[in-house]
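Work through the exercises below with the model open beside you. Try each task before reading its solution.

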Amino acid sequence: MDAGNGCSARALAACVVGGIVLGASVLALHLAGGPAAIPPLPLPPPIGALLRRRRRPVRVYMDGCFDMMHYGHCNALRQARALGDELVVGVISDDEIKANKGPPVTPLHERMVMVRAVKWVDDIIPDAPYAITEEFMNKLFNEYNIDYIIHGDDPCLLPDGTDAYALAKKAGRYKQIKRTEGVSTTDIVGRMLLCVRERSSDAHNHSSLQRQFSSGHGQKVDDTGSGTGTRVSHFLPTSRRIVQFSNSKGPGPDSRIVYIDGAFDLFHAGHVEILRLARELGDFLLVGIHTDQTISATRGRHRPIMNLHERSLSVLACRYVDEVIIGAPWDVSKDMITTFNISLVVHGTIAENMDFTEDDLHPYAVPMAMGIYRRLESPLDITTSTIIRRIVANHEAYQKRNEKKEASEKKYYEGKSFVNGE
């Protein structure tokens, strides 16, 4: 050992001995008591007390009509949730929507089912007002402990032309997120109206509207001479968006995996409720999303309204879903059951194009033969055709609503600028 190391060792030993002597002296004084006694050092607080002292969660609020809820709504809620710890969502009442935008396609109770099912939502406020009034804003801050009010970068104007979020902005409690490109309720209603018009027009018109829906290409389609252009899907799918919507955990080695498949077009409350029931039957819910071509072949060339990637994102956003197969086969094969370790295959009683007469053509013939197929009683009598019929029944009102909304959306797209963050 060299001289330097020897000195260091001696110094360290002296410090240790000194510490022991000092500690013993303090202990002796404490035990002796009297006015000169040194009070004991306070013990650190228990873990529970430390946790209670931590800051309270940041609560953010976002409202909306959420009419015909789609992946754009879900992405907005995902972004809003990322700005805080808890997301409270206000679902605007039917009367408020009618007064400010026109008749809603889906009633409040169905919209509530949809919003509750989004995996980024922590709580909801039913019958929320369309405009953030001072009274309602104070209620949000004081009763619901809301820290910030969130909205997209697209303007939200009241019938008198004023900003619906002016008061929140003035209070300094407003935050903005990026609008999801390529979809809106107006756009989806426009697609359905276009389908209805094309179906009732020249039977020899082979304009391949379905391919436009499925490809995701942004185009203008003239509405048979009326002069109103209806946008079809502008959606540009990216791997990042799919990752943002996906769950990070797969099934465990002993998980009971339940499989359900379908089109899930115009994702609605009926879909949500059957997925909820399916998830309750196992530990992991795997959902198969059929291709656009499969749906066109079984339900007609004007289906689906939403393309494969749009439908996949809507399903992935549902809290009851653990994983999806994007472009699932029509027939559930033995190989597929083995590959995904499927324990149970289920299907709802309310579905379209499920009248099979020959067992060898039944898409669930294999799981039936294996004894792992089960038909679930659908809680809601709603299908994609139900939603389309609602549009057709009130065609003129929705057409008028769309023309007004398309004008504002055109103005937004023409004047929009880049907004960072997703």
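**Exercise 1. Which backbone nitrogen does the side chain of D292 reach, and at what distance?**

Some ground rules come before the solution. This is a predicted model: local features need pLDDT of at least 70, side-chain atom pairs count only at pLDDT 80 or more, and totals for chains, interfaces and linings use all residues. Residues are numbered from 1 along each chain as its sequence is written, and side-chain values use heavy atoms, with hydrogens and water left out.

*Solution.* 
- Step 1. Locate D292 in helix α12. Helices (H or I, at least four residues) and strands (E, at least two) are DSSP runs, numbered from the N terminus.
- Step 2. D292 counts as buried, at 5% relative accessibility. Buried means under 20% relative accessible area, exposed over 50%, and partly exposed in between (1.4 Å probe, protein chains only).
- Step 3. Follow the side chain of D292 to the backbone nitrogen of L308, at 3.0 Å. This is a polar contact: a pair of N or O atoms within 3.5 Å; within protein, one must be able to donate a hydrogen and the other to accept it, and residues adjacent in sequence count only if both atoms are side-chain atoms.

**Exercise 2. In what order do the strands of the five-stranded open sheet lie?**

*Solution.* 
- Step 1. Trace the order: β10-β9-β8-β11-β12, with parallel pairing. Two strands pair if DSSP finds at least two bridges between them.
- Step 2. Find the edges. β10 (323–328) and β12 (373–376) each have a single partner strand, so one side of each lacks a neighbour in the sheet.
- Step 3. Inspect one pair. Strands β8 (residues 257–262) and β11 (residues 342–348) run parallel and share four bridges. Y259 has V345 as its bridge partner in β11.

**Exercise 3. Is I342 buried or exposed?**

*Solution.* 
- Step 1. Find I342 in strand β11.
- Step 2. Read the value. I342 has a relative accessible area of 7%, so it is buried.
- Step 3. Name its contacts. Beyond neighbours within four places in sequence, I342 meets I257, Y259, L286, M336, I337 and I372.

**Exercise 4. Which residues of α6 are buried?**

*Solution.* 
- Step 1. Pick out F136, M137, L140 and F141 in helix α6 (residues 134–142).
- Step 2. Look down the axis of α6. The buried residues fall within an arc of 140°, so they line one face of the helix. The arc is that of the directions from the helix axis to the C-beta atoms.
- Step 3. Turn to the face away from the buried side. E134, E135 and N142 are exposed there.
- Step 4. Identify the cover. It includes β1 (59–64), β3 (123–128), β4 (148–152) and α7 (166–170).

**Exercise 5. Find backbone exceptions.**

*Solution.* 
- Step 1. Recall the rule. Most residues other than glycine have a negative phi, and most peptide bonds are trans.
- Step 2. Inspect N145, in the loop between α6 and β4. Its phi is positive, about 55°. N145 is partly exposed, at 37% relative accessible area.
- Step 3. Inspect N341, in the loop between α14 (334–339) and β11. Phi of N341 is near 55°.
- Step 4. Check omega. The peptide bond joining R303 and P304 is cis, with omega about -5°.

Key: Contact = heavy atoms within 4.5 Å.
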